[in-house]
Amino acid sequence: MSRESSIFRIQNSKESFDGWLDRTLITLTHASSNSLQTGCWFKAIPMWKYTFKRLLAGVITVWFIATATFIAMHSVPGDPLLNDKAVSNEIRKNLEQRYGLDKPITQQYLIYMGNMLRGDFGISFTQQNRKVNDIIRDHFPVSAMLGVLAVCFAALGGVVWGALTAVYRNRLPDIIIMFLVILGISVPSFVFAALGQLLLVNINQFVGYSLIPVAGWGTVLHMLMPSLVLGLGTMALLTRLMRSSMLEVVNEDYIKTARAKGLSPLRIFVKHQLRNAILPVITVLGPQIAAITTGGFVVELVFAIPGLGRYFVQAVQQLDYTVIMGTTVFYGAFLVLMVILVDILYGFIDPRVRLQ
Amino acid sequence: MMRPNKGNKGTVYLILLWILSPMCLAEAVNYDRQSITIALTQEPPNLNTMRTTDLVSFFVLGHVMEGLTRYDARGRLVAGVAESWEIDDLEVTFHLRKNALWSDGRPVTAHDFLFAWQHIIDPASAAPYASIHYPILNAEAIHKGNKPVTALGVSAPDDLTLKVSLQNQCGYFLKLMAHAAFFPVRQDFFNRQHDRYAAEAENLLYNGPFELVSWVHDASLTMAKNPDYWDAGSIALHQIEVGYITADNRTRLNLFRNNGIALVRLDGETVKDAANQKLKVRTFVTGGVAFIRFNVTKGSPTENIHVRRAIQAVFDPELFVNRIMAIPGYKPAYTFFPSWLAGVDGKFQQEYPVAPVKIDERVGRELISSARRELSVNRIPQLVLLTVASPTGNKISEFLQGLLKSKLDIDLRIDSQTFKQYLAKSRNGEFDLLLSSWFPDFDDIMTYADLLGSGNPNNRGGYASEEYDKWLRLVQGATDQRVRMDAAAELQKIIIDEAMVLPMAETGSAYVQHHKLKGVVRRVLGADPDYTYARVVK
């Protein structure tokens with residue numbers, strides 16, 4: 001659903017790219033003289049107002065995410081204090097008091113929201129000495145690093161493969177790459193992760209020493225395989241996007257002109273086709289970074305990477321209330337922010353999205 | 001146009017160094033440095049001895065901390081921080097050694113034990129393991145809020161003497177001293193940390209054979225030999241490096257194959273891989289018991305003894321272990337008291353053996369007929385089996401479903417839940433059969449016998465028998481080991497005759513270990529695997 005709509009938007013922005021600067025300028029001028037515009041049948045909202053509206057909607061979305069998570073979390077049977085070995089009623093009572101779980105649920109909700117507004121996500125139930133804020137601060141950069149690298153792999157691969165398939169349209173390279181693309185979209189990442197790791201084990205055994213570490217975190221070599229595996233799905237997606245975008249560009253008039261001018265095919269490919277076709281790919285990168293950064297649970301598990309994705313999933317299994325809330329709200333806000341950023345950028349690039 | 005200059009060269013070297021650095025990183029074992037690298041399945045959730053409850057934390061704490069007693073390389077209980085002790089009826093006096101030091105150089109004193117124990121039993125601390133302290137005088141009353149903390153039967157007349165008064169006689173009190181919940185904590189250090197105690201490596205003091213020198217959450221821990229440890233001469237390893245933390249079994253096996261870690265535990269899947277790769281698979285008994293709890297409260301068909309005994313009559317532990325579990329190290333269980341438990345002189349199981357229940361389908365069907373008559377139904381209603389949603393849990397459930405259907409014509413509905421929901425439902429008695437396992441807290445038959453006592457919160461089937469409780473009190477209270485074990489044998493008989501629970505298997509573990517690593521001790525209790533006395537050979 002979101003993919004479709006983003007592709008749709010990209011098409012719009014591409015069409016209008018040629019004139020985006022003019023339009024932005026016009027809009028800005030209009031915005032400053034908004035009151036004089038009453039005679040016009042359409043008008044654009046001023047940029048600051050548009051941005052403010054988007055941000056407000058974002059805040060409401062995050063509040064909604066927090067509330068929904070809170071309700072869902074408390075409706076699941078069991079609680080974080082349950083353990084393998086049951087404790088006596090006295091200990092149980094003391095524990096509930098310590099964590100404030102003895103209060104009525106509405107009061108817990110208000111206290112939690114109050115703390116959250118102050119930026120305090122509380123203390124983890126499973127790692128009882130760590131603040132959720134610390135957990136996010138320690139582990140999010142790892143996930144982000146992995147995510148950014150994965151997106152780089154995906155973007156680079158997507159552009160190259162996509163362009164190649166377009167150039168060799170309906171010929172053998174196209175068929176092979178598109179087959180791989182379908183594989184990349186349909187095979188889940190834990191399969192690729194396991195295969196990738198096995199490949200590393202065999203490479204290392206072949207060369208006789210640990211050439212590329214099979215798991216762990218710390219150096220750039222540790223990051224290669226996990227980010228490649230994590231980026232594969234997106235790479236496949238971008239390849240398809242790039243291919244269709246390239247095919248559209250091929251038939252444009254300016255390509256014909258370039259050919260008529262007698263430019264070399266390589267120059268046409270790099271300077272005219274690639275540069276114009278790459279725009280839609282760049283525009284989906286923002287949301288993709290967010291999606292990849294939040295979706296690395298399996299890869300983090302298989303490659304023993306201390307990222308936040310593990311906490312995100314394990315907290316739910318362990319019903320670690322504070323960590324569930326902290327990671328969900330944080331990731332929710334992160335995604336919302338990414339979407340808002342893209343929206344605002346569109347507002348600049350294509351004023352039509354700001355029409356009243 | 002790029003021209004190489006000095007600055008660029010430096011950058012290139014730096015990048016090269018960065019890329020090449022893993023090559024000189026951790027290897028599984030290193031003889032010259034006497035260091036090993038291992039992996040953990042999860043981040044140690046809590047290294048605060050007064051609050052922790054999980055095995056991963058116990059593993060780390062067992063290497064970096066020490067109680068009054070400890071277990072040696074051959075699994076015997078020996079002196080730890082306490083040099084000697086006297087037991088006089090209800091009084092135990094520990095004499096602490098002078099050269100037991102904290103990692104900041106100050107001596108471990110009796111006050112450190114006093115502080116930790118009072119802290120745990122204080123209801124305000126809400127310590128999950130508080131009830132393990134109940135054998136101490138007034139502990140239970142304090143914990144229930146009926147007496148002040150100062151009433152605890154522990155005193156420190158001087159720095160090196162700790163006097164403990166017991167509530168009742170307790171045959172296993174010395175063994176309890178090796179448990180993390182009885183480790184010392186130094187008050188001034190604890191107070192200085194506020195709520196940061198045990199949050200990072202530097203927020204803890206160590207008095208064990210090793211000390212934690214670095215801890216990167218969810219990524220790595222480094223335990224280095226503690227040069228001030230009183231028995232440092234017996235410790236060969238200089239460093240235990242936890243290089244990886246992941247729950248993925250296959251990743252850990254891959255790390256082992258790549259010479260990245262020195263020991264790895266195998267599950268049902270990876271054990272096949274290891275065998276295929278011709279690795280030498282070792283096994284040991286982990287001390288737990290896998291069993292089925294029956295719901296014996298009103299309304300459940302399993303309240304009827306014939307139903308329970310019918311299931312007992314068709315369940316073959318040997319077939320179960322060999323065909324269904326199929327993990328080397330598991331053993332069929334015919335009694336609820338596992339084979340490692342001590343009896344009077346030797347092992348309990350050898351001194352009080354049980355005849356395996358005869359597996360007989362005909363007996364099972366007859367029992368079901370009498371159950372139908374007693375319940376006055378045409379057919380035993382569908383039973384609900386509650387289990388944790390895991391590959392092993394599902395495998396066992398499906399086996400039981402097939403078994404009950406084919407042998408007894410009983411329908412079994414499998415209720416597969418996530419762990420927390422499984423716990424919640426089992427505590428509310430929302431099951432007829434409950435797939436369970438139990439791992440010991442201390443080295444005594446009580447750790448199992450107590451589980452079916454009528455007041456135990458872990459007695460989830462709701463079994464309550466005065467007869468059982470009577471013998472149980474004797475096992476707990478008597479000092480004569482013979483009397484205790486005779487009483488335990490009575491309990492064993494009741495459990496089997498009444499089919500209170502159905503023991504299935506003694507848990508085991510299969511693992512592979514680096515051939516240059518020697519002296520690793522596998523333990524049923526405390527830190528396992530125990531690398532304290534391990535060494536790397538050439």
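How many Å separate the centres of domain 2 of chain B and domain 3 of chain B? The answer, taken over C-alpha atoms, is 34 Å.

These legends describe a predicted model, in which local features need pLDDT of at least 70, side-chain atom pairs count only at pLDDT 80 or more, and totals for chains, interfaces and linings use all residues. Residues are numbered from 1 along each chain as its sequence is written, chains are lettered from A and ligands numbered from 1 in the order in which they are written, and side-chain values use heavy atoms, with hydrogens and water left out.

**View 1. The domains of chain B.** Chain B splits into domain 1 (25-64 + 197-285 + 509-536), domain 2 (69-191) and domain 3 (288-508). These bounds come from an automatic or database domain assignment.

**View 2. Where domain 2 of chain B meets domain 3 of chain B.** Here 10 residues of domain 2 touch 9 residues of domain 3, contact being heavy atoms within 4.5 Å. Together the two domains bury about 860 Å², with 52% of it on carbon and sulfur atoms; buried area is the accessible area (1.4 Å probe) that two parts lose on being put together, summed over both. On the domain 2 side, look for Gln169(B), Tyr172(B) and Lys175(B), which lose the most area to domain 3 and make up 59% of what that side buries. That side has 6 nonpolar, 3 polar and 1 charged residues (nonpolar: Ala, Val, Leu, Ile, Met, Phe, Trp, Tyr, Cys and Pro; charged: Asp, Glu, Lys and Arg; polar: the others, Gly among them).

**View 3. Where chain A meets chain B.** The contact draws 53 residues from chain A and 54 residues from chain B. About 4400 Å² is buried between the chains, and carbon and sulfur atoms give 55% of that area. On chain A, Leu82(A), Lys85(A) and Asn129(A) supply 15% of the area buried against chain B, more than any other three residues.

**View 4. A salt bridge between the chains.** The rule finds 2 salt bridges across the interface of chain A and chain B, each a side-chain nitrogen of Lys or Arg within 4 Å of a carboxyl oxygen of Asp or Glu. The side chains of Arg310(A) and Asp218(B) form a salt bridge at 3.7 Å, N to O.

View 5. With 7 residues, α8(A) gives the most to the side of chain A that touches chain B; helices are DSSP runs (H or I, at least four residues), numbered from the N terminus. By class, this side of chain A has 24 nonpolar, 20 polar and 9 charged residues.

How values were computed
Helix = DSSP H or I, 4+ residues; strand = E, 2+ residues; numbered from the N terminus.
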